[in-house]
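I opened the notebook to record what I looked up in this model, taking one topic at a time.

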Amino acid sequence: MTTLRAFTCDDLFKFNNINLDPLTETYGIPFYLQYLAHWPEYFIVAEAPGGELMGYIMGKAEGSVAREEWHGHVTALSVAPEFRRLGLAAKLMEMLEEISERKGGFFVDLFVRVSNQVAVNMYKQLGYSVYRTVIEYYSASNGEPDEDAYDMRKALSRDTERKSIIPIPHPVRPEDIE
Amino acid sequence: MLRHILVTSNMAARGHVQDPNDRRLRPIYDYLDNGNNKMAIQQADKLLKKHKDLHCAKVLKAIGLQRTGKQDEAFSLAQEVATLEPTDDNSLQALTILYREMHRPELVTKLYEAAVKKVPLSEEYHSHLFMAYARVGEYKKMQQAGMALYKTVPKNPYYFWSVMSLVMQAISAQDDKLAQTMFLPLAERMVEKMVKEGKIEAEAEVQLYFMILERLGKYVEALDMVRGPLGEKLTSELQSRENKCMMMYQRLQLWPECNALSYKLLLKNPDEWQFYLSYFDSLFHLMDKSWSPPNEEEHCVEGPVQTTVAEAVKFVVDRMEEEDKKDSRPLRGPYMACLELIHRLRQRGCPDEEELGDPLELMLQFFGKFGDKPSCITDLKIYLHLLPPEQHTQFKNRLGDLVPLGEVGEDGFGFPGDTKVLQRHLCVCQLSRVLGLQHTLDTEGKLCLITELKAHYHYGLQFGKSCLKTELQFSDTYCLMVAHVYIDLWTETGDENMLWQCLGVLEEGLSYSPSNAQFKLLLLLLFCRLGAFQPVVDLYSSLDAKHVQHDTIGYLLTRYAGSLGQFAAASQSYNFSLRFFHSNQKDTSEYIIQAYKYGAFEKIPEFIAFRTRLNQSLHFAQVRTERMLLDLYTEADITSSLEESVKAMGLCPEEDDIPWDNMRDNRDLTVLFSWDPKDRELTEEHRRLSLEEESVWLKVRSLTLRLLASLALLGHAPSPRNSDKTNENGVSAKSSTLQTLLSQLDLTLQTAAQITEKQTQYPFLGPPSSRLASALSSGSCHCQASALQLSLTLQELETTGLDDSSELQTQICNSFKSLIVQLQELLSRCKGEVLEMKDSRLMTQPSLLETLVFFVEPVVLSGFQEWTGSLQGIVTQALDHVKGQEASLTALKLAALTLGVGHAQTQEECGFTRAAMDKVQTSYLGSLQELGDLLRKRADSLKSLKF
């Protein structure tokens, strides 16, 4: 029981209960504006009947069509603690996948901290699998390398043979991912 | 990266053939990119010796100069090149970057205007010109540039850039008539032309068409368009067409269509709350109009329409039954919709609500289904008013029956066996708080409640043993509620022990759940209320609040840091916020341009409104004012003269840059969780009063700042008798500014007095009170005003000359004496112990610290006027007082305090309370030291003046 709608700039003033979570990054304004300007349909917020923001997803479409790498990407997905365990994250992911389907993407991918077991398991339940490990993808606020990421993927209907999700056995470095 | 420009412009203009000039310029680009500006300048000079006409080298040199702080030199060098009206990509793009860094985006437009004239067929230059106009918001010129571009290269996006520029002219027009009769109709015709010619290509173009029709109020046309073939292009956003149709139905009050579409969408997704609302809205509108469907054909284009309460009841009941039947997780929507429908029927005095059932039973049913979700409280809270007060206790008890706790142990409590039961139990506690049942308990009752909640908290910790540091503990909410009950007790009884124990329990909570933002926020608030700012710094930084959060929750820091004498921390917190606001202007312009490029037209007005909202932020105005005041109070006449400081800040007393009439309160005032009953919640009225109070306080501060600036520029002007006529005029103009500002301050203080008379009390977890009340009651404001008034009189004396001014001299003498008396009084209000132990209780008087800060400000201000004698006496007294306070604080051995006497606290809990007490003591000492340092510096500068 949720209102799902496009995220707008005004929501930035109301998202503290979501973003004060330690694993949710608050980005600089340019980052949000870039997504709103380029992929507004991929930035969706869920609102509770009382007006509280429950969670949001932020994504984009990128990659080369010719190389069959055109895909939807999940940049951020976060749900406020008091609105967890309602299946909201799954709902938002489903919407992002649907948008990516319409755009003719081959797959949807996302990066997640290796340590964030809760999220990794959730994505697995939603049909995502680890495609590769990216070494030291996350860095701490001092710029020091902090943690590895899993690059997780789920094939969309256009990738009939599910080629895009065949795992790469060796870990890669952040500079090697395109 | 500058290097990038070189590469891309190469490829664009000349393919991959290497231009010898590019080879020559490359090292300069590299130096600049690596931050090696000096080498870049040298390299450019070297190159310019050999190739005088290599303009780009000059511009790159100018970039180097700009970045090393030589703005004037950089500017004149840049203008040398600009007047030549360059047409090479390298120079143009380098100049663009330079002008942007100089914050002179309007010069970029001149640059490309010239380039376009010289190379009229260049798509690239035309498009740069359009973007340059976009950056400065020259909508009319954008419209023309877009059209010129389209005529050069007939690509659709260019045409629609021009159309959008018309829409922007409409939005920004002062006169709405102009928008409605000229700009928007013109935009509409431009789009219609493309439609007729069958040239509409992209979704963005359809979106823009819709936007224009909507703004014109042509909802019928908009609806036809969305339903027609053009609407088929609306595919990116999910349900884009349905959402747009719904919006138009509502605008057009086409309730049958609205109803039928809502119904359809709800059948597809019975959890979409907004469509329940539109379904009910439309239903009741139809009932009010006694609308009946046409007999034979379809009800309306969207399908069957529902027009009776019976149908709505059946619809909702059916949705609930569907959920009941499901194997998977049930959705909350239908059950909430049922409560919403009862609420609406009751509002209309409609008796049919009974058909849906008793709200109490329905809420119990809801709790049965969703009680183990943390959101249950947020959901039910909305409909608690459906229960009559006499049912509250019954409701709570029956909820309790649905929570199977284990056997009651020695302490008299039974505990949940798993986290689901725990969450249910928590929800009952939350509901009973929201119903006010906790608030009606007496002190003993509340203490028992605390014991019970604490027991549950500690018991529940076992379920979260394997939780990561980044996760919350399942039982955290108990801990937070304990803190809330302690706060109730503290505010009701004034018993400070409750506060200390509250701090203890929150510190304990944080030790088990180090990422809990709510613990941190509440601790932060409590330490601030206690006048202890030092622990707040770490707490806030561990929240990792960044960027826009400085605007929304930065007030938690900036409200208290300076007022508690933590000047270094205050300065730092102002800077965090200011850095964010200053980058806003540049950042948003860039993305307005991106929105044009990607055709996200609806985002353009949104970005502009966002930029305005930040620029008009109350917090922004506060931090920039407080930042300058702080610098003047702490630094002026110590490191540099007041006049120099004022000049360095670019302060102009005549200028008022605060948008008083359009101030935006961007503070997030509900960031702290609260389960208080409705009558204790933050209301819109509270918000309004808080903004009003903060604005008046800001006005006092901003006038004080401008008065200080005015004084600085006046006081150090040459004496009028030795100067020529113009100078004399200058001085009198300035003193009239001073006079004007003083009377404004006087008026503002009168308004302030009226506001503080209201003695507005905000909810504890809502906005902090402004400093206004204590500034007035301490006498600080009037002291400052007197000191400033005195300066004005002194100025008059200087103009009049000593000979004809015996009256004036007497007046000054009296004012001065009275000022000293006022300062003495203010100082006497600082007397007392900020922290003391009495009968094994720790007592605080944080207001003494605040008053001391309020004492320091007028002292410093008077010090600027070089009145030494008596002032020095007061400063010495104040210093003695501070020293005395420091000594007694240091002597206070908190370890000697026996804790847990009043109400039982475990050994461990006492440890946390003690830690909190130590933090408060240390923080007080820190504040006193900073205040002492400042006073000492002032005393020294007064002494040096005396000689």
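Is Asn17(A) buried, partly exposed or exposed? I noted that Asn17(A) is partly exposed, because its relative accessibility is 22%, where buried means under 20% relative accessible area, exposed over 50% and partly exposed in between, with a 1.4 Å probe and protein chains only. Before going further I wrote down that this is a predicted model, in which local features need pLDDT of at least 70 and side-chain atom pairs count only at pLDDT 80 or more, while totals for chains, interfaces and linings use all residues. Residues are numbered from 1 along each chain as its sequence is written, chains are lettered from A and ligands numbered from 1 in the order in which they are written, and side-chain values use heavy atoms, with hydrogens and water left out.

**Entry: chain A**

I placed Asn17(A) in helix H1, residues 16–19 of chain A; helices (H or I, at least four residues) and strands (E, at least two) are DSSP runs numbered from the N terminus. Leaving out residues up to four places away in sequence, I found Asn17(A) in contact with Leu53(A), Ala80(A), Pro81(A), Glu82(A) and Phe83(A), contact meaning heavy atoms within 4.5 Å. The side chain of Asn17(A) comes to 3.2 Å from the backbone oxygen of Leu53(A), and the C-alpha atoms of Asn17(A) and Gly55(A), which are 38 residues apart along the chain, are separated by 9.0 Å.

From UniProt I took the feature "domain: N-acetyltransferase", from an unreviewed entry, at residues 2–157 of chain A; such positions are given in the numbering used here, feature names are shortened, and annotations may be inferred rather than shown by experiment. That span is 24% helix and 37% strand, with its end C-alpha atoms 28 Å apart.

**Entry: chain B overall**

I counted 41 helices and two strands in chain B, whose C-alpha trace spans about 95 × 90 × 55 Å along its principal axes. Of the 947 residues in chain B, 56% are buried, and among its contacts between residues at least 6 apart in sequence, 71% join residues at least 24 apart.

**Entry: helix H4(B)**

I checked the length of H4(B), residues 55–67: at 1.5 Å a residue its 13 residues should span 18 Å, and the end C-alpha atoms are 19 Å apart, which agrees; the expected span is 1.5 Å times one less than the number of residues. In H4(B), 11 of the 13 residues are buried, including Lys58(B), Lys61(B) and Gln66(B). Gly69(B), which follows H4(B), has a positive phi near 85°.

**Entry: Glu626(B)**

I found Glu626(B) in helix H32, residues 618–635 of chain B, and it counts as buried because its relative accessibility is 12%. Its side chain makes a polar contact of 2.8 Å with the side chain of Arg701(B); a polar contact is a pair of N or O atoms within 3.5 Å, and within protein one must be able to donate a hydrogen and the other to accept it, with residues adjacent in sequence counting only if both atoms are side-chain atoms. Beyond four places in sequence, Glu626(B) touches Tyr574(B), Trp697(B), Arg701(B) and Arg771(B).

**Entry: cysteines**

My search of the whole structure found zero disulfides over all chains, a disulfide being a pair of cysteine sulfur atoms within 2.5 Å. The closest cysteine sulfur to that of Cys813(B) is in Cys783(B), 17 Å away and therefore too far for a bond.
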